[in-house]
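Please read the following report beside the sequence and the model.

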Amino acid sequence: FYESMDPAVAAPFNFEGLSLPWQVEPWRTFLEAFHTALDELSPLCVASYAFGNHDQHRLVTRLGEPAARAAAVLLLTLPGLAFIYNGDEIGMKNGEIPADQIQDPGAKGGAGRDPERTPLQWTAGKNAGFSTADITWLPVAANYPTHNIETQSRDSDSFLSLYRRLGQLRNTELSLQHGEFKVIDSGDSKVLGYVRNGQKAQHTVLINFSKSSRNFTLKPETLLGEFVLSSDSRTKLSPIQKGKVHLRPHEAVVFARSH
């Protein structure tokens, strides 16, 4: 796709984030191959990433909440363009669509694509604040009382707060905007590690793709710097003590150090 267009003015959608299994080896292999290919093709190539859209099951439905939060860290610390399917930033999941309310004309023997197209959840009120009508085009998903924009705006540990912190980090750190990208050896076979290296700072990301906790020792050459954030709201302090890393199941963490 990149070869068939002018990379100076456009970038094709990259949908690997919708199809790759949530396992460390496929992701490590893909990231290395994808960015190597772009570097070799042209310095004008801009990467893009999308982990959800209106034709696929929602991120939380596919991965579960802990891994979906880790995926947010991955999406917003990778290079290039990041596309967020609205509702993923508050942890929306597929809705239940009764047979008599199916709207997708392509649905055959099932709900089709309607479950990921339910109304955006603004509040805990009627129809999740999306509409004052008695009946909406599609029914509101069941998790709207807790997973809505109004409620999560008041919760510093919520999905929305995590996305906002990541967005602020991405918008203020040049290394996350334009820094070089390199996959590193994290020291654990279930943990993906990579760095974004800019002129003034470097950000390092570690992502546990396992459903179990991981305890491992950092490589001597790995210089992480200060702990910035975690996808797991229970982690308030650095998960590293004396060079040993403890990551909770499906936890992603970000570190930064100045040059």
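## The largest pocket

Helix H2 gives the largest share of the lining of the largest pocket, namely three residues. H2 (24-41), helix H7 (174-178) and strand E3 (180-184) each contribute at least two lining residues, where helices (H or I, at least four residues) and strands (E, at least two) are DSSP runs numbered from the N terminus. The pocket has a volume of about 410 Å³ and is lined by 16 residues, of which Asp39, Cys45, Pro79, His178 and Gly179 lie nearest its centre.

The model is predicted, and local features need pLDDT of at least 70, side-chain atom pairs count only at pLDDT 80 or more, and totals for chains, interfaces and linings use all residues. Residues are numbered from 1 along each chain as its sequence is written, and side-chain values use heavy atoms, with hydrogens and water left out.

## The enclosed cavity

Pockets and cavities are found on a 1 Å grid over the protein atoms alone: a cavity is a set of points where a 1.4 Å probe fits but cannot get out, a pocket is an open set with protein on both sides within 12 Å along at least five of seven lines, and lining residues have an atom within 4 Å of a point. Grid points are joined across faces, edges and corners, and a volume is the space filled by probe spheres set on the points.

By this rule there is one cavity of 30 Å³ or more, and the volume of the largest cavity is about 50 Å³. Its lining consists of Phe51, Gly52, Leu59, Ala71, Ala72, Leu75, Phe83, Ile84, Tyr85, Asp88 and Tyr163, with the largest share, three residues, coming from helix H4 (residues 65-77).

Phe13, Phe15, Val46, Leu81 and Phe83 make a nonpolar surface patch of about 430 Å². Patches are made of residues with over 30% relative accessible area and no salt bridge, like charges being joined within 9 Å and nonpolar side chains (Val, Leu, Ile, Met, Phe, Trp, Tyr) within 5 Å; a salt bridge is a side-chain nitrogen of Lys or Arg within 4 Å of a carboxyl oxygen of Asp or Glu. Accessible areas come from the Shrake-Rupley method with a 1.4 Å probe, and for residues only the protein chains shown count as cover.

Leucine 81, placed in strand E2 (residues 81-83), has a relative accessible area of 39% and is partly exposed, a class lying between buried (under 20%) and exposed (over 50%).

Arginine 58 lies in the loop between strand E1 (48-50) and helix H3 (59-63), and counts as buried at 2% relative accessibility. Leaving aside residues up to four places away in sequence, arginine 58 touches Tyr85, Asn86, Gly87, Asp88, Met92, Lys93, Asn94 and Glu116, contact meaning heavy atoms within 4.5 Å.

Glutamine 202, in strand E5 (residues 201-208), is buried with a relative accessible area of 10%. With the same exclusion of residues up to four places away, glutamine 202 touches Val195, Arg196, Asn197, Leu223, Phe255, Ala256, Arg257 and His259.

## Positive phi in two loops

Lysine 242 has phi near 55°, a positive value in a residue other than glycine; this lysine lies in the loop between strand E8 (240-241) and strand E9 (244-247) and is exposed, with a relative accessible area of 87%. Histidine 250 likewise has a positive phi, near 55°, and is found in the loop between E9 and strand E10 (252-258), where histidine 250 counts as buried at 16% relative accessibility.

Technical notes:
Buried < 20%, exposed > 50% of the residue type's maximum accessible area, 1.4 Å probe, protein only.
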